Amino acid sequence: MDGHHNHEHEEEHKHDLLGHIVESSFIVLLCLISLLGNGVVLKTIYFNTRLQNSFNSFVLNLAVVDICCALVAMPVTAATLISYETTASKFFCTSHAAVVTLLSIVSLCSMVLMAANRFYLVAKPTQYPHTFSKTRTSKMIVFSWAVGFVFSITIYVVLIPHTQYTLSGVNCFYLKNAYVGALVYTLLVLAPFTSLTLGFYLKTHHFIHKLKSSISPCTKRHDQNQKSLYVEEEKTLKILLLILILSYSCLMTSSVVWIFQRSLKKFSHDLAVMGIYFQYLKNVIIPLIYTFVSKHYRKELIKTLSCKH
């Protein structure tokens with residue numbers, strides 16, 4: 001009888017281990033895609049002087065954030081999923097959670113700055129060179145990292161009491177009162193940043209539509225060229241809006257999953273893994289969209305994959 005029970009226990013353990021390996025493998029796949037995609041973005045902007053402007057500085061910052069996540073956060077998550085029963089220290093898990101939140105907030109700040117950049121370019125062209133000068137752009141990027149650092153430290157060191165606990169296979173997020181962090185992040189960071197970014201995009205779209213309407217078909221060639229530029233800007237805006245919607249959808253889904261865990265009587269491993277997948281999926285979406293819509297990034301990706309320099 002005991003032998004039969006032990007055999008069942010061994011089979012269940014093998015099944016769980018196989019499940020954890022599959023889950024980890026998917027994280028590793030996301031990590032590799034993120035490194036490749038964001039590496040292409042960095043390489044393309046670095047070697048193409050035409051792309052070196054204030055807007056692409058924020059794109060570059062976004063790529064750096066995603067690469068940091070792929071190098072630091074994702075490998076820890078993959079290792080955690082395999083070593084399911086390992087006990088971790090308060091410092092290790094708090095640090096990992098804070099780093100994930102830091103990178104997420106810097107990413108959100110970068111998207112707000114990208115939206116603000118397009119708004120000033122279209123609506124306030126005379127102020128644009130001064131507002132987004134090289135020095136000011138660098139300061140904005142540094143400020144985005146400072147905001148991320150302050151918020152992450154506040155959420156995971158001040159607001160949430162931590163004790164030593166079992167990792168439970170998911171990103172060090174099975175914390176006492178972890179839902180508080182997700183709730184604070186959603187209400188104080190994700191929701192206002194989403195609203196701010198959408199506000200800039202909607203205002204920019206309104207100005208482009210207004211400027212296009214003011215140019216009649218009978219006007220001079222210069223004005224017609226200006227209209228063509230507005231059409232191109234509108235296309236760029238649609239691509240950025242797609243990136244915004246997909247990115248915020250991933251982050252919002254991840255946060256909702258962690259908040260929903262609170263209503264469950266028992267911690268759901270599958271739900272938590274799904275939350276992690278959505279958290280990291282954002283790091284893959286942006287470079288993939290850029291690669292598909294931009295010939296510069298496509299060419300650089302082909303050169304990278306074919307090992308041409």
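**Before starting**

The model is predicted, so local features are reported only at pLDDT of at least 70 and side-chain atom pairs only at pLDDT 80 or more, while totals for chains, interfaces and linings use all residues. Residues are numbered from 1 along each chain as its sequence is written, and side-chain values use heavy atoms, with hydrogens and water left out.

**Stop 1: the whole protein**

Display the entire protein as a cartoon. It contains 9 helices and 2 strands, where helices (H or I, at least four residues) and strands (E, at least two) are DSSP runs numbered from the N terminus. Along the sequence, these elements follow the pattern α-α-β-α-α-α-β-α-α-α-α.

Next, consider the surface. The protein exposes about 16600 Å², of which carbon and sulfur atoms supply 67%; such accessible areas come from the Shrake-Rupley method with a 1.4 Å probe, and for residues only the protein chains shown count as cover. Of the 309 residues, 46% count as buried. Here, buried means under 20% relative accessible area, exposed means over 50%, and partly exposed lies in between (1.4 Å probe, protein chains only).

Contacts (heavy atoms within 4.5 Å) may also be considered for the protein as a whole. Among contacts with a separation of 6 or more, 79% join residues 24 or more positions apart.

**Stop 2: the salt bridge**

Select D66 and K282, and show their side chains. These side chains meet in a salt bridge, at 3.3 Å from N to O. The term requires a side-chain nitrogen of Lys or Arg within 4 Å of a carboxyl oxygen of Asp or Glu. The structure holds 1 salt bridge. D66 belongs to helix α2 (residues 54-82) and K282 to helix α8, so the pair ties together parts that are 216 residues apart in sequence.

Are D66 and K282 buried or exposed? D66 is buried, with a relative accessible area of 0%, and K282 is buried as well, at 2%.

**Stop 3: a nonpolar surface patch**

Select F26, L29, I33, L288, F292 and V293. Together they form a nonpolar patch on the surface, with about 530 Å² of accessible area. Helices α1 (2-47) and α8 (269-293) are the elements that give two or more residues to this patch. Patches are made of residues with over 30% relative accessible area and no salt bridge; like charges are joined within 9 Å, and nonpolar side chains (Val, Leu, Ile, Met, Phe, Trp, Tyr) within 5 Å.

**Stop 4: aromatic rings**

A pair of aromatic rings is described by the distance of the centres and the angle of the planes. Rings of Phe, Tyr and Trp (its six-membered ring) pair if their centres lie within 6.5 Å; planes under 30 degrees apart count as stacked, over 60 as edge-to-face and the rest as tilted. The whole structure contains 8 aromatic pairs.

Select Y46 and F47. This pair is edge-to-face, at 5.0 Å centre to centre and with 90° between the planes. Y46 counts as exposed at 61% relative accessibility, and F47 counts as exposed at 60%.

Now select F119 and F207. Their ring centres are 6.0 Å apart and their planes stand at 75°, so this pair is edge-to-face. F119 lies in helix α3 (residues 90-123) and F207 in helix α6 (residues 178-214), so the pair ties together parts that are 88 residues apart in sequence. F119 is buried at 9% relative accessibility, whereas F207 is partly exposed at 27%.

**Stop 5: a charge over a ring**

Select R118 and F55. The charged end of R118 sits over the ring of F55, 4.5 Å from its centre. This description applies if NZ of Lys or CZ of Arg is within 6 Å of the ring centre and within 35 degrees of the ring normal.

**Stop 6: two residues and their surroundings**

Select L102, found in helix α3. L102 is buried, with a relative accessible area of 16%. Which residues does L102 touch, not counting residues up to four places away in sequence? They are W145, G148, F149 and S152. The C-alpha atoms of L102 and V147, 45 residues apart along the chain, are separated by 8.4 Å.

Finally, select R136 in helix α5 (residues 134-159). R136 counts as partly exposed, at 39% relative accessibility. Not counting residues up to four places away in sequence, R136 touches H130 and T131. The C-alpha atoms of R136 and S54, 82 residues apart along the chain, are separated by 9.2 Å.
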